[in-house]
Amino acid sequence: MWSYLRVAVLLGATLGAATVRPSTPRDDPRVQAFVQAYGALIDSVAYGADDVVFVIRGRRIRFDDGRLVAEDR
């Protein structure tokens, strides 16, 4: 879990200064970077209108406006 939080902090720090908000979560450079970096660990990705849900090793992790949140939280 800590590694996911570290990635979220790093992605937020490096990409959070973007001035243009992506039109969809699929276009968000933070989501693209996460998928590229952790693609081997991701079981599936579901793109919603406002968020993205990753299934990583059977656990659902939701990406919502720059935050990675476990589905059970």
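Which residue in E2 is the bridge partner of Val45? The bridge partner of Val45 is Phe54, and the points below place that pair in its surroundings.

1. The model discussed here is a predicted one.

2. Among contacts in the chain with a separation of 6 or more, 23% are accounted for by residues 24 or more positions apart.

3. The 4 strands make up an open sheet in the order E1-E2-E3-E4, and their pairing is antiparallel. Strand E1, residues 42-47, and strand E4, residues 67-70, are the edge strands, each of which pairs on one side only. On average, and with direction ignored, neighbouring strands of this sheet are turned by 25° against each other. In general terms, the strands of a sheet pair through backbone hydrogen bonds, in either a parallel or an antiparallel manner.

4. Taking the strand pairs in turn, E1 pairs with strand E2, residues 52-56, in the antiparallel sense over 5 bridges, and the two strands form a hairpin with 4 residues between them. The pair of Val45 and Phe54 mentioned at the outset belongs to this part of the sheet.

5. E2 also pairs with E3 in the antiparallel sense, over 5 bridges, and here Val52 has Phe63 of E3 as its bridge partner. The hairpin of E2 and E3 has 2 residues between the strands, and in this hairpin Arg57 takes a positive phi near 50°.

6. E3 and E4, which run antiparallel, are joined by 4 bridges, with Asp64 standing opposite Arg67 in E4. These two strands likewise form a hairpin, with 2 residues between them, and Asp65 in its turn has a positive phi of about 50°.

7. Turning to burial, E2 is mostly covered, since 5 of its 5 residues are buried. The cover extends to both faces of the strand: Val52, Phe54 and Ile56 are buried on one side, and Val53 and Val55 are buried on the other.

8. The largest nonpolar core has 10 residues, namely Val31, Phe34, Ile42, Val52, Phe54, Ile56, Ile61, Phe63, Leu68 and Ala70. At least two residues of this core come from each of helix H2 (29-38), E2, E3 and E4, and E2 gives the most, with 3 residues.

9. Arg59 deserves a separate remark. Arg59 lies in strand E3, which covers residues 59-64, and has a relative accessible area of 33%; because buried means under 20% and exposed means over 50%, Arg59 is classed as partly exposed. Arg59 and Asp43 are 16 residues apart in sequence, and their C-alpha atoms are 9.1 Å apart in space.

Technical notes
Residues are numbered from 1 along each chain as its sequence is written. This is a predicted model: local features need pLDDT of at least 70, side-chain atom pairs count only at pLDDT 80 or more; totals for chains, interfaces and linings use all residues. Side-chain values use heavy atoms; hydrogens and water are left out. Contact means heavy atoms within 4.5 Å. Two strands pair if DSSP finds at least two bridges between them. Axes are lines fitted to C-alpha atoms, for helices over the stretch in contact, and angles run from 0 to 180 degrees between N-to-C directions. Buried means under 20% relative accessible area, exposed over 50%, partly exposed in between (1.4 Å probe, protein chains only). A nonpolar core is a set of buried Ala, Val, Leu, Ile, Met, Phe, Trp, Tyr and Cys residues joined through side-chain atoms within 4.5 Å.
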